[in-house]
Structures are given as C-alpha cells and as structure tokens.
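Subject: Structure for you to look at

Hello,

Here is the structure I said I would pass on. My notes on the pocket and the ligand follow below.

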Amino acid sequence: MHDVHVGHAAIPAVGFGTYGMSAADIYRVMPAAIDAGYRHIDTAQIYRNEGEIGDCVVDSGIPRNEFFLTTKVWVSNYAERNFEASVDESLRKLKTDYIDLLLLHWPASDVPLAEQIAGLNTVVRAGKVRHIGISNFNRALMTEAVRLSAVPLVTNQFEYHPYLNQSLLIESTREAGLSVTGYCGMAIGRVFSDPRLGEIAARYEKTIAQIVLRWLVQQRGIVALSRTTQIERLEQNLAVFDFELESADMAAIHALATADGRIVDPPGLAPQWDRTEA
Ligand SMILES: NC(=O)c1ccc[n+]([C@@H]2O[C@H](COP(=O)([O-])OP(=O)(O)OC[C@H]3O[C@@H](n4cnc5c(N)ncnc54)[C@H](OP(=O)(O)O)[C@@H]3O)[C@@H](O)[C@H]2O)c1
C-alpha cells in the first residue's frame, strides 16, 4: 500500500469508506477488507458504526499501529463542552487509545471556528489523536482553519470524482500543505455506465472502479476513499498501484467534469462551494 506523506503523517493512499454501512455490513465485510489489505478505515461519529469497526480491528489480531483510523466529529459536538467527551466516546467505541486522524465533518455551525479548532488541538495535546484535519471546507474556511491551528492540519476531505472539477480547491489545499482525501469517487455509481470510462478500462484491461481509483491516486497528494459491500470487489479496489494511466487518459478523465457534477450538498451543513466549472 502506498502512503501519502504530509508532515509527520503517512496516510495510506486508499482508505476503506464505511458511510451507510450497518452493523451487519461491517461485521460481514470489514474482516474481509482487513484480510484484503485495507489498513486505512474512514468512519465518522454520525455513521454510527465506530463500535463495530473497533470490534473488527481488535478481532483481526493485527497490531493497532498497523491501522490508520479516521473518524469525524459531528457538528452537534463542536462546542467546547461536548468536543473532547465526544472524542472519548469515539475512542471507547473504536476500542483504542488514539485516533490516527480526526476531522471536523462539515463546516456550517454556530460554534465559532476558533472553538472547533481549539477542540482539535486539545485532543492532540491530550495524546488522544495523532493528526487532525477538516472535511467539506471551502478555500476561505480552510485558510482560516489553517491560520487558527497550532497543530498542522493534514487533510481536507471532500467530494471528488470525474464529473466534479475540484482543481481550484485541490490547488489551494496543496498550497496550504494539506493532502486531499476524495470521497464519492464512484459518483454514486454514475461512473459504471460511462462508455468513455468503459473504453479506457477495456484498453488497460482493468475495471472502471480501478481506472477511477487510479486516476485519483495518480494525482499528487490525493488519498482516495473506496467503499464496497461486495467482498469480491475488495481486492480489485486496492489493486491500483501496479499500473499507470497515460497523461492523455488522465486528461480525458478530467474532461468528463460538468458544471452540475456535485452530488453531496446538504443544506445547513455545506459551505458556499468554490467554483467547479467544467
Ligand atoms: N466527509 C464526508 O462528508 C463524506 C461524504 C460522503 C462519503 N464520505 C466517505 O467516503 C467514502 C467513500 O464514498 P462512497 O461511500 O460514496 O464510496 P464510493 O467508493 O465512491 O462508491 C461506492 C459505490 O460504488 C460501488 N462500487 C465500489 N466498488 C465497486 C466495484 N469495484 N465495482 C462496481 N461497483 C463498485 C459500491 O457498490 P457495492 O457496495 O455494491 O460494491 C457503492 O455503491 C464513504 O464511505 C465515507 O467514508 C465522506
């Protein structure tokens, strides 16, 4: 597995996403995912599956320090009086004494950003969290978050797939010294019926999922999250480090972006997004 390095953090370049996975899904799929070689696991307080993930990590018998566990603080826990207690609860559920990467899940909140960032810094100083970052932050909020944090932020996690041109935000994230963690790489399944991706996949003798994941991790400083509930798909989604896309094919995939490509835009949580024109 390849890592993306940011400061002292080494983040495995493909993480296993767990959004929407029930307890039964986690207990069925996670042991197979760990067997297949996934070590970076992405969850969140709001996914309500940290407990089951913790069980699977412990039951694997693999040393804790070989895993990279990411979770995200939910917006209702941003205030100082709730923040650290919510992280303690995540630690208890994950059955560990540290979290590798802790993110603020969405930016929109009545709690001042300075208070949120102070929460992140406090749990790092307490030894409960190794690295911190943000999710779904636009450029302006990211710049403010970087300015407010004594501990360096290591990632901004946001939607990124062939139909959404995030080049402005990606460039700013790199300039600020953070990695990008892309979610919804499969564009909620849209990629699988795209004949242009199908043609590239056929030429490389790869699946469309592999082509899109490769396109993501071949870009500098990008970590890709991948989720599947189908055990037979676990291995192929990790097998994206033994081939390279030619630059013309990278460009052809970039060219699939459209002005209306955004999928995840929850009112009351999302910021004013940066421009993402085709
Ligand atoms: N920070 C945030 O606000 C935020 C928001 C959204 C997501 N995320 C994170 O990002 C993760 C990834 O995003 P995502 O859940 O949208 O996952 P994704 O990997 O983009 O797409 C998952 C979908 O693709 C299908 N799929 C995966 N591999 C496949 C393959 N090889 N062949 C055919 N179909 C395949 C899956 O179906 P099957 O299950 O049937 O294989 C599933 O429907 C989430 O789980 C979560 O951890 C974060």
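The largest pocket holds about 870 Å³ of space. A pocket here is an open set of points on a 1 Å grid over the protein atoms alone, where a 1.4 Å probe fits, with protein on both sides within 12 Å along at least five of seven lines. Its volume is the space filled by probe spheres set on the points, which are joined across faces, edges and corners.

This is a predicted model, in which local features need pLDDT of at least 70 and side-chain atom pairs count only at pLDDT 80 or more, while totals for chains, interfaces and linings use all residues. Residues are numbered from 1 along each chain as its sequence is written, and side-chain values use heavy atoms, with hydrogens and water left out.

The lining (residues with an atom within 4 Å of a point) numbers 34 residues, and Y19, C184, G185, I188 and R227 lie nearest the pocket's centre.

The ligand sits in this largest pocket, meaning that more than half of its atoms lie within 2 Å of the grid points. Around the ligand are 26 residues (a heavy atom within 4 Å), and D42, R227, T228, T229 and R233 come nearest.

A side-chain N or O atom of T228 is 2.5 Å from one. Backbone N or O atoms also take part: that of T18 lies at 3.1 Å, and that of C184 at 3.3 Å.

Regards

Terms used. A polar contact is a pair of N or O atoms within 3.5 Å; within protein, one must be able to donate a hydrogen and the other to accept it, and residues adjacent in sequence count only if both atoms are side-chain atoms.
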